[in-house]
There are 2 protein chains.
Amino acid sequence: MQTLPVDFSTRLGAWQRRVEEQLAARLPDARTEPKRLHEAMRYSVLGGGKRVRPALVYATADVLGVPLTHVDGAACAVEFIHVYSLVHDDLPAMDNDELRRGRPTCHRAFDEATAILAGDALQVLAFQTLVSGPGLPDSAQVRLRLVDLLAQASGTDGMAGGQALDLAALGQELSLAEIEAMHARKTGALIRACVLMAAACAEQLAESALVALDEYATSIGLAFQIQDDLLDVEGDAAVLGKATGADLALNKPTYPAVAGIAAARARVRELHERALAALGSSGLANTEPLAAMSHWLVARRS
Amino acid sequence: MQTLPVDFSTRLGAWQRRVEEQLAARLPDARTEPKRLHEAMRYSVLGGGKRVRPALVYATADVLGVPLTHVDGAACAVEFIHVYSLVHDDLPAMDNDELRRGRPTCHRAFDEATAILAGDALQVLAFQTLVSGPGLPDSAQVRLRLVDLLAQASGTDGMAGGQALDLAALGQELSLAEIEAMHARKTGALIRACVLMAAACAEQLAESALVALDEYATSIGLAFQIQDDLLDVEGDAAVLGKATGADLALNKPTYPAVAGIAAARARVRELHERALAALGSSGLANTEPLAAMSHWLVARRS
């Protein structure tokens, strides 16, 4: 965090606190039945996390002059989808992870059945968050567009499809292009949706600005995943809050594994530059928060 | 089926064929990547089934004069949600079922990870089906209402919550009221959503008619589940396409187990009568298709 400009660091903290409150308020009360399911949902969502995706929603809204009160719903929805995917990916039949954000994974803290159901229910909650409740744009057309963008990013063309490709790739040899295509679905699609959903809430956004934001989002999405894979090789488990070396142990083809660490780092830098160039060509007046987001994501150590 | 009026039987067959075509067209192509995931989704959805929920959507639309072309999306969405719930409920960590609709369950035919992802992706597809593509009402407001109704029926206040209560109830003693409350969520909520979603597509529906349809849907939802539990005790596994006696083996509290078979049958009849009475008081001109639906559901042997 020491490399971030003070102003951005303050804003990021404010966004993180904002979404934390919003998430807590939207999750079902753990004192109501079914309590164990509700506890598991709250445990998984409210267990820390950098809130990268909500911050990206807020940063985009900030750049586009969209009131944050119009994107609180989108910020929560993307995080609910992200957390449900972590809960399911951590299951024994998938990545079989025991530690997440420095604590036992959902199925370890509760049980497998509860973890499956908690993930299922978080996915429902994500879509529900986009159609009713506070923090949404007024227009029904725009809300529908938000549901559509989130669905495209989460389904077989997006995150779920990417996870399937990831599982199929274990022990396989993939080209860098194949790895990047897999990442574009598994992580990239939801990162991209954060930017596109906030953009959908903006009035009269020029088509050229939207194209530039899309290029920005696609670039940082891929950079984010390669950085994640680098941290799995080089990172500190105590800082990460999860085990390192998991990809290697699973014989998972990753960018650093196939191209080497130096090439992976270079690719991250290149994608970061591309993201900044896209912002520069967007025609938008002040894109600094999004530039700082990209810097944060590629410089992070956890 | 021999007890159904010829006219209704013909219509039911037409609805079943209609939704079959619609489902097949909306599922991702098994020749595109990730193929195994797409195959698992198609295997699970297109593997037979009575299509009770889509038929209920169409029957309600029929009664209310809503064009079927406006509810095809809703009919598919409820079936996608239903099938995803079967795929996840069948998992080893949940009910651990090996047979479904006369064939191996998804995780037996494929593998657990694929079954988890197929369920996840089917849930996304359900919501996506309600916002874009053919078979929807024109109004964005009404589409949003459809998403909201489906989300309410699927989340912790509905199906996912009901499944959690069901798992928590294994080996416990429940009162009949508690069993009925559990059923109202686990099965009842989605059955009710079928009727309410079709009703949401109707223009200028009287509030009294909506209340009557809600009462009808709630009654048949509960009757349907008690009949299901009766078939688990009395049914023929070959006709059902799944193992019988599973509830008893799991020490699952069900209406027949707690109240006895005769009382369970009487409760089904009573709920059927209540459903018919609600239709009678609805003020709607021709409710025969919905009456026939209720009759079909309580008389079924599979």
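The model is predicted, and local features were taken only where pLDDT is at least 70, with side-chain atom pairs counted only at pLDDT 80 or more, whereas totals for chains, interfaces and linings use all residues. Residues are numbered from 1 along each chain as its sequence is written, and chains are lettered from A and ligands numbered from 1 in the order in which they are written.

## Relation of the two chains

Chain B is superposed on chain A by a rotation of 180° with 0.0 Å of shift along the axis, at an RMSD of 0.0 Å, where the superposition is by least squares on the C-alpha atoms of residues with pLDDT of at least 70 in both copies. The two copies are therefore related as by a two-fold rotation axis. Within chain B, the C-alpha nearest this axis belongs to B:Ala140, at 2.9 Å from it.

The contact between the chains takes 40 residues from chain B and 40 residues from chain A, two residues being in contact if their C-beta atoms, placed from the backbone, lie within 7 Å. On the side of chain B that touches chain A, the elements giving two or more residues are helices H2 (35–45), H6 (112–129), H7 (140–154) and H8 (159–169) of chain B; helices (H or I, at least four residues) and strands (E, at least two) are DSSP runs, numbered from the N terminus. H6(B) supplies the largest share of that side, with eleven residues. By class, the side of chain B that touches chain A holds 23 nonpolar, eleven polar and six charged residues, where Ala, Val, Leu, Ile, Met, Phe, Trp, Tyr, Cys and Pro count as nonpolar, Asp, Glu, Lys and Arg as charged, and the others, Gly among them, as polar. Because 100% of the interface residues of chain B are also interface residues in chain A, the copies meet through the same surface.

In chain A, helix H3 (residues 52–64) packs on helix H9 (residues 176–200) at an angle of about 35°, with the axes 8 Å apart; the axes are lines fitted to C-alpha atoms, for helices over the stretch in contact, and angles run from 0 to 180 degrees between N-to-C directions. H3(A) passes H9(A) in a right-handed crossing, a crossing being right-handed if the near helix is turned clockwise from the far one by less than a right angle, and left-handed if anticlockwise. The residues of H3(A) that meet H9(A) include A:Val57, A:Thr60, A:Ala61 and A:Leu64, and among their partners in H9(A) are A:Cys194, A:Val195 and A:Ala198. This contact of H3(A) with H9(A) has eleven nonpolar, one polar and one charged residues.

In chain B, H3 (residues 52–64) and H9 (residues 176–200) also pack at about 35° with axes 8 Å apart, and the crossing of H3(B) and H9(B) is right-handed.

The largest nonpolar core has 196 residues, of which A:Leu150, A:Ala198, B:Leu150 and B:Ala198 touch the most other members. Such a core is a set of buried Ala, Val, Leu, Ile, Met, Phe, Trp, Tyr and Cys residues joined through C-beta atoms within 7 Å, and a residue is buried if 20 or more other C-beta atoms lie within 10 Å of its own, exposed if 12 or fewer, and partly exposed in between, with C-beta atoms placed from the backbone. Leaving out residues up to four places away in sequence, A:Ala198 touches residues including A:Val57, A:Ala61, A:Val66 and A:Val71.

A:Pro289 lies in helix H15 (residues 288–299) of chain A and counts as buried, with 21 C-beta neighbours inside 10 Å. A:Pro289 and A:Ala61 are 228 residues apart in sequence, while their C-alpha atoms are 9.9 Å apart in space. Apart from neighbours within four places in sequence, A:Pro289 is in contact with A:Phe8, A:Arg11, A:Ala59, A:Asp62 and A:Val63.

## Backbone features

Most residues other than glycine have a negative phi, and most peptide bonds are trans. The table lists backbone angles that depart from this pattern.

| Site | Feature | Value |
|---|---|---|
| A:Glu33 to A:Pro34 | cis peptide bond | omega about -5° |
| B:Glu33 to B:Pro34 | cis peptide bond | omega near -5° |
| B:Arg101 | positive phi | phi near 55° |
| B:Gln204 | positive phi | phi about 50° |

A:Pro34 lies in the loop between helix H1 (6–26) and helix H2 (35–45) of chain A, and B:Pro34 in the loop between H1 (6–26) and H2 of chain B. B:Arg101, in the loop between strands E1 (99–100) and E2 (103–104) of chain B, is partly exposed, with 17 other C-beta atoms within 10 Å. B:Gln204, in the loop between H9 and helix H10 (207–234) of chain B, is exposed, with 4 other C-beta atoms within 10 Å.
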